[in-house]
Amino acid sequence: MDSDGSVVERVLDGDVQAFEVLVRRYERTVRAKARSVLGNSHLLDDATQQAFVTAFERLASLRNPAAFPGWLLQIAYRHALGMAKEEKRRLPIESQVNPGQTGADASERNQLLLTAITHLPEHEQIVVMAHYFEGHSVNDVAAMQGCPVGSVTKQLQRARERLRKRMRRDDL
């Protein structure tokens, strides 16, 4: 499996089809990042798509190709935040003052978990999302990040511990 940095280099060298590899690797991760801001909004697909379009258009400005995942997540976050602000301006005042409950405890817990993930250090967010959201093996995540398997394993371990602490704190 090619590292993210080598795939980015291929795209920059003119192999625009190689960008599909990055989309497949990070589509669920970008969607999860957008969901952490937008919830299950109808804007989720638009935010995800726009993040990839922007990343493709600005790829040449990425100074360190290996930093692609974090850079992409920042783009996704900014797009989702902008869309959320725009949507809020369009909503009637009643829905802003008294938004209804979703009603599902599992859905609320999932939203809390997504929010907790966004508070992890960026390198931990990336490995958590690649492993748990995208379904990549630890070996694959290590190859994508261009780092040893042990580093990814340790990052996942630290991230899980941080998430456990945060989720316990939020349950109080």
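These legends accompany close-up views of a predicted model.

**View 1. Overall fold of the predicted protein.**
The protein holds nine helices and zero strands. Along the sequence, the pattern reads α-α-α-α-α-α-α-α-α. Of the 172 residues in the protein, 37% are buried. The exposed surface comes to about 9900 Å², and carbon and sulfur atoms supply 50% of that area. Contacts between residues at least 6 apart in sequence were also sorted by separation. Of these, 65% join residues at least 24 apart.

**View 2. Helix α1 against helix α2.**
Helix α1 spans residues 4-12. Helix α2 covers residues 19-38. The two axes come within 8 Å and cross at roughly 145 degrees. On the α1 side, the contact is made by D4, V7, V8 and V11. On the α2 side, F19, V21, L22, R25 and Y26 take part. By class, this contact of α1 with α2 has seven nonpolar residues, no polar ones and two charged ones.

**View 3. Helix α2 against helix α7.**
Helix α2 also packs on α7, which runs over residues 122-133. The angle here is about 115 degrees, and the axes lie 9 Å apart. The crossing of α2 and α7 is right-handed. From α2, the residues that meet α7 are R28, T29, A32 and K33. Their partners in α7 are Q125, M129, A130 and F133. The contact of α2 with α7 divides into four nonpolar, two polar and two charged residues.

**View 4. Helix α7 against helix α8.**
Helix α8 comprises residues 138-145. Its axis is 9 Å from that of α7, at an angle of about 135 degrees. Six of the residues in the contact of α7 with α8 are nonpolar, two are polar and none is charged.

V128 lies in α7. Its relative accessibility is 3%, so V128 counts as buried; the cut-off for buried is under 20%. Neighbours within four places in sequence are set aside in this view. Beyond them, V128 is in contact with I117, L120, F133, L156 and A159. Q157 is 29 residues from V128 along the chain. The C-alpha atoms of V128 and Q157 are separated by 9.6 Å.

T48 belongs to α3, which is formed by residues 44-58. At 5% relative accessibility, T48 counts as buried. Neighbours within four places in sequence are again left aside. T48 is then in contact with E27, V30, R31 and A34. The α2 range is residues 19-38.

**View 5. R24 in helix α2.**
R24 is placed in α2. R24 has 55% relative accessibility and therefore counts as exposed; the cut-off for exposed is over 50%. R24 and E134 are 110 residues apart in sequence. In space, their C-alpha atoms are 8.7 Å apart.

Notes. Residues numbered from 1 in each chain as written. Predicted model: local features only at pLDDT ≥ 70, side-chain atom pairs only at ≥ 80, totals over all residues. Heavy atoms only, no water. Helix = DSSP H or I, 4+ residues; strand = E, 2+ residues; numbered from the N terminus. Buried < 20%, exposed > 50% of the residue type's maximum accessible area, 1.4 Å probe, protein only. Contact = heavy atoms within 4.5 Å. Axes fitted to C-alpha atoms, helices over the stretch in contact; angles between N-to-C directions. Nonpolar A, V, L, I, M, F, W, Y, C, P; charged D, E, K, R; others polar. Areas by Shrake-Rupley, 256 points an atom, 1.4 Å probe, with all protein chains shown as cover. Left-handed = near helix turned anticlockwise from the far one by under 90°.
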